Amino acid sequence: MSNTAFSSLPLRAEELANIQSLDYEVMTPIQAQSLPAILEGKDLLAQAKTGSGKTAAFAIGLLHKLDPRNYQTQALVLCPTRELADQVSHEIRRLARAYPNIKVTTLCGGKPIAQQRSSLEHDPHIVVGTPGRLLQHLEQGSLKLDGLQTLVLDEADRMLDMGFYDDIMQIIQRAPRQRQTLLFSATYPDEIKFISDTIQHEPVDVRVESTHHNKKIEQIFYEIEKGDRTRVLIMLLEHFNPESTVVFCNRKQQCQELADELWQKGFHALALHGDLDQRDRDEVLIQFANKSSSILIATDVAARGIDIKELPLVVNFELSPDPEVYIHRIGRTGRAGSSGLAVSLFMASEAAKVNAIEKFQDSPARIAPITSLKPRENFRLSPPMVTLSINGGRKDKVRAGDILGALTANTNIPGKQIGKINIADNVSYVAVERQVAKQALKILSEGKIKGRKFRARKLR
Ligand code: AMP
């Protein structure tokens with residue numbers, strides 16, 4: 001058994017104090033097993049999924065080694081998606097509070113490259129990004145890796161799924177040979193072993209018992225008739241009455257159709273799939289995370305790397321033929337200590353998919369009758385918050401405190417009725433409790449933020 005106290009690690013007092021201030025009481029299994037080796041500077045091949053605490057494992061390691069006075073890029077983290085890259089940067093920034101002036105930059109596709117180039121004029125200590133865009137910067141000379149000490153591949157299997165193999169290899173060719181390489185992957189297909197053999201040096205191999213197995217996640221399967229999926233989904237929502245639900249579909253068209261149908265029936269449901277433009281994707285995720293939308297309907301690819309805290313319910317609207325996809329999907333609920341529920345709909349003709357899942361988990365599926373679902377009268381699943389957007393962001397020097405100030409100073413809206421605030425480059429979003437949404441919108445539209453007038457609107 002490894003020691004799970006952070007204080008057992010050779011960390012500095014201020015690093016430990018910062019970890020404590022984040023309410024990380026003990027190490028998660030992946031942290032306990034990998035951090036001693038990471039802090040010794042060893043290469044690591046780790047099996048870890050979203051929700052295992054893997055980000056903190058590598059972030060604590062790369063920060064510990066960093067020299068803040070050396071203005072070179074010393075750590076590079078490769079991620080499959082922008083959403084994951086944003087989350088990783090966020091977690092690194094939180095852990096970096098123990099250090100003076102650490103610059104972390106996120107470089108992903110879908111954003112203007114020129115702007116990113118200018119943010120690289122002073123080399124950031126840490127760069128997080130997606131392989132395609134990182135390679136572009138390396139080719140153009142805007143990103144330099146001469147001072148690189150730590151290279152992290154996060155969700156390496158997903159990066160391969162998304163066709164980033166060549167880009168990853170080209171990036172690695174431009175990195176110094178003398179470095180620490182940390183590779184995280186949820187699954188271990190042959191390509192992962194091959195990449196590890198090619199780019200790592202005697203890695204420590206850590207495989208943590210998956211946190212997603214039936215321990216904290218209750219799994220229930222419902223057999224349905226053809227054409228009955230939406231009706232049963234609504235019965236599930238009525239029965240379990242969850243504050244937030246992610247519904248997985250296999251195809252993006254199905255996501256949009258289902259979202260439209262639920263919307264018509266009075267549910268606040270939003271679809272997340274590859275056909276949305278970046279702004280729409282961001283808005284969907286923000287609305288779901290800040291509790292102004294109750295239901296997120298997503299494809300697997302679109303849902304990659306989304307980390308939503310305390311997600312009570314995941315629904316497989318349709319099962320995937322691949323049991324690993326099932327495990328990945330249900331792992332979204334019940335993370336970091338809280339319990340969760342995963343329910344799946346299947347038709348008799350799809351029994352093979354359920355069998356594959358049973359075999360994969362080595363435990364029988366719990367199949368419950370639809371009649372066990374109890375309808376509620378006058379049921380409404382209305383999200384507690386509303387999102388307001390403001391047409392000014394980071395570039396306009398708008399900060400979260402300014403928005404909070406505008407909404408609460410000299411008004412009768414208490415701060416506790418204001419939820420999450422997200423600031424993007426040119427736009428900001430603030431979640432407010434539904435009861436005060438109208439008033440908040442009026443304040444933002446008619447008043448000023450930082451002495452300037454902005455336009456505000458309510459997201460649907
Ligand atoms: P990850 O697997 O990196 O996506 O992390 C999942 C969540 O667990 C994140 O929200 C982290 O902030 C949180 N977390 C990471 N380490 C710990 C810890 N030791 N104790 C409690 N929460 C943690």
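**Salt-bridge exercises**

A network of salt bridges links Arg12, Glu14 and Glu15. The term salt bridge here means a side-chain nitrogen of Lys or Arg within 4 Å of a carboxyl oxygen of Asp or Glu. The model is predicted: local features need pLDDT of at least 70, side-chain atom pairs count only at pLDDT 80 or more, and totals for chains, interfaces and linings use all residues. Residues are numbered from 1 along each chain as its sequence is written, and side-chain values use heavy atoms, with hydrogens and water left out.

**Exercise 1.** State how many salt bridges the structure holds.

Solution. The structure holds 24 salt bridges.

**Exercise 2.** Describe the pair formed by Arg279 and Glu283.

Solution.
- Step 1: the two side chains meet in a salt bridge, at 3.4 Å from N to O.
- Step 2: both residues lie in helix 12 (residues 278–289), 4 residues apart, about one turn of the helix. Helices (H or I, at least four residues) and strands (E, at least two) are DSSP runs, numbered from the N terminus.
- Step 3: Arg279 counts as partly exposed because its relative accessibility is 46%, while Glu283, at 9%, counts as buried. Buried means under 20% relative accessible area, exposed over 50%, partly exposed in between (1.4 Å probe, protein chains only).

**Exercise 3.** Determine which parts the salt bridge of Glu350 with Arg229 ties together.

Solution.
- Step 1: the closest N and O atoms of Glu350 and Arg229 are 3.2 Å apart.
- Step 2: Glu350 lies in the loop between strand 13 (340–347) and helix 15 (351–361), and Arg229 in helix 10 (residues 229–240), so the pair ties together parts that are 121 residues apart in sequence.
- Step 3: Glu350 and Arg229 are both buried.
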